Amino acid sequence: MDFTPIYHGLDHVYHKLVSDQRLDKQDGLKLLQTTNLLGLAYLANEQRRVKTSNQVFFNNNAHINYSNVCKVRCGLCAFAKDSGEKGSYTMTIEEIVDKAGHYADQGVTEIHIVGGIHPDLPFSYYLEMVRQVKKRAPQVRIKAFTAAEYDYFSQIENRSVVDILKSFKEAGLSFIPGGGAENFSSRVREIICPGKLSGQRWLEIHRQAHLLNIPTNANMLYGLIETDEELIDHLLALRDLQDETNGFYALIPTAFHPKNTKFEDISPASAVRTLKIIAVARLMLDNFNYIKAYWVSSSPQVAQMALSFGANDLDGVVREEKIYHTAGSNSPQMQSEQQLIRLIHESGLEAVERDSNYNVLHRYPANV
């Protein structure tokens, strides 16, 4: 009986991996376009084991979207509203602090705060928000504002983004999320988010954060209008910056949800496409320890499958997410810690509760 190797058709990539050679753009395209899903999963899982063995991470986190008012109004976004438009809202600092305190009292270790590019709020609002949240919940890590927001703060204050970041770090900022990255291609950005900062500016803001010892994550949007080449180029740009700064913790591939956007005629990314992208990200980003399967974007079921395609982080409990749900996400608003542990254990892996910096808080070994 002829047993064809599981990595059939991916032999060149396999031999590169076992000889510690870095994959290039052509390798990435070959992986993204392969029909050998089992072979792709095998290669990605082997690389995941090298990084973190059989551990899959999650954290006890909560999201606060302080406002949906945004003057940029990207075509890809279903969340944003104009000021005064029906359904628009902006939380007061007191409301934000009360919500953060409520979450902290429930044992949350990370609060994720993002909004839009608000045309009217002063810089002091954002800085005082971070100060007051940190004062109310000093034990909680604050992960706040995307590169697009920091770019805007720099503009309205006429100060360098370095100065802006220093101010927030002093106020209690612990971490910067990866939002606003979308796809770095200028062609893609001109169509989906022409008013947003450029891909190069996003990279520069994260570079400056890393130099200030502020760790960050990186996002990558897929399932819209990007080509395979543009997707791989996005990963390579992240890999290059990570070579330079080593300041990224995780990549979060996020599927585009078309409902209530200007791109409603686009079909959502399939589960197979999601699994391929997560596996390719694991193989191309050899200098990233963590690849998230973001269940809010893909669904808990597909995220669980992604744990067999190289992912090793399920993000967290989340508790309240608005941005993806206004774009038609059918995932639950939250997953309990026990639900996340079950998803991990059913995959035969060890569940590990972490903080924002991947310090281990609790281990839950698989019972298989």
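## Rings, charges and buried residues

Reader: Why does Tyr 150 count as buried?

Author: Tyr 150 has a relative accessibility of 0%. Buried means under 20% relative accessible area, exposed over 50% and partly exposed in between (1.4 Å probe, protein chains only), so Tyr 150 counts as buried. This is a predicted model, where local features need pLDDT of at least 70 and side-chain atom pairs count only at pLDDT 80 or more, while totals for chains, interfaces and linings use all residues. Residues are numbered from 1 along each chain as its sequence is written, and side-chain values use heavy atoms, leaving out hydrogens and water.

Reader: And how many aromatic pairs are there?

Author: The structure holds 25 of them.

Reader: What makes the pair of Tyr 66 and Tyr 126 edge-to-face?

Author: Their ring centres are 5.7 Å apart and their planes stand at 80 degrees. Rings of Phe, Tyr and Trp (its six-membered ring) pair if the centres lie within 6.5 Å; planes under 30 degrees apart are stacked, over 60 edge-to-face and the rest tilted. So this pair is edge-to-face. Tyr 66 sits in the loop between β2 (61-65) and α4 (93-105), and Tyr 126 in helix α5 (residues 123-136), so the pair ties together parts 60 residues apart in sequence. Here helices (H or I, at least four residues) and strands (E, at least two) are DSSP runs, numbered from the N terminus. Both Tyr 66 and Tyr 126 are buried.

Reader: Which kind of aromatic pair do Tyr 150 and Phe 153 form?

Author: Edge-to-face: 5.8 Å centre to centre, with 85 degrees between the planes. Both belong to helix α6 (residues 147-157), and being 3 residues apart, they are separated by about one helical turn. Phe 153 is buried, with a relative accessible area of 1%. Ring pairs also link Tyr 150 and Phe 153 into a cluster with Tyr 66, Phe 123, Tyr 125, Tyr 126, Phe 145 and Phe 168.

Reader: How do you know that Arg 354 lies over the face of Tyr 358?

Author: A charge sits over a ring if NZ of Lys or CZ of Arg is within 6 Å of the ring centre and within 35 degrees of the ring normal. Arg 354 lies over the face of Tyr 358, at 4.2 Å from the ring centre. Lys 143 lies over the face of Phe 175, at 5.0 Å from the ring centre.

Reader: What is the nearest side chain of opposite charge to Arg 189?

Author: Glu 182, which is 5.8 Å away. Lys and Arg count as positive and Asp and Glu as negative, with His and the chain ends not counted. A salt bridge is a side-chain nitrogen of Lys or Arg within 4 Å of a carboxyl oxygen of Asp or Glu, so Arg 189 is buried yet has no salt bridge.

Reader: Where does Arg 189 lie, then?

Author: In helix α8 (residues 186-192). A polar atom of the Arg 189 side chain lies 2.6 Å from the backbone oxygen of Ala 181, and the side chain also reaches the backbone oxygen of Asn 183 at 3.0 Å.

Reader: What is the phi of Asp 315?

Author: Near 65 degrees, a positive value in a residue other than glycine. Most residues other than glycine have a negative phi. Asp 315 lies in strand β9 (residues 313-316) and is buried, at a relative accessible area of 6%.

Note on methods
Polar contact = N/O pair within 3.5 Å; in protein donor to acceptor, adjacent residues only side chain to side chain.
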